[in-house]
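Below is a short note for someone opening this model for the first time. The points can be read beside the structure.

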Amino acid sequence: MVRKIAGATRIPVPGGKVIDEYVGRVNSGDEQVSIARMNAPAGWEEPAQTPEFTEYTLVLRGMVVVEHEEGVTEVGAGEAFVSLPGEKIRYIAGPDGAEYIAVCAPAFSPDTVNREE
């Protein structure tokens, strides 16, 4: 069955980051995958997390800095990265902020992201 998704649900996040979820648990009820557009201002960062899902990220503008157990990876516009379930990671927006698309499988859930406090 074909489904058109007319728009996103905006999910509020502390620190000025904006999440617009198009496909996922909140907007479309999908649990297998989530697709969201993110906009993070310069200097935005989040706590480390150890998700139970694979995350595929495509950076559209700016830079996302990914801290992980092997070091730090800078991902610029036109580049992508993948993190696997069980990997401890931390995201930081670059000096000019970042706009990116995140695809999570299974779909993102606050219960399975396992953020550190």
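1. Arg90 sits in strand β7, which spans residues 89-105; strands are DSSP runs of E with at least two residues, and helices are runs of H or I with at least four, numbered from the N terminus. The model is predicted: local features need pLDDT of at least 70, side-chain atom pairs count only at pLDDT 80 or more, and totals for chains, interfaces and linings use all residues. Residues are numbered from 1 along each chain as its sequence is written, and side-chain values use heavy atoms, with hydrogens and water left out.

2. Arg90 counts as buried because its relative accessible area is 19%, and buried means under 20% (1.4 Å probe, protein chains only).

3. Leaving aside residues up to four places away in sequence, Arg90 touches Glu45, Glu46, Pro47, Ala48, Val65, Val66 and Glu67; contact means heavy atoms within 4.5 Å. With Glu45 there is also a side-chain to side-chain polar contact of 2.3 Å (N or O atoms within 3.5 Å, one able to donate a hydrogen and the other to accept it; residues adjacent in sequence count only if both atoms are side-chain atoms).

4. Val82 belongs to strand β6, residues 80-83. Beyond residues up to four places away in sequence, Val82 touches Thr54, Glu55, Tyr56 and Glu87.

How values were computed
Buried < 20%, exposed > 50% of the residue type's maximum accessible area, 1.4 Å probe, protein only.
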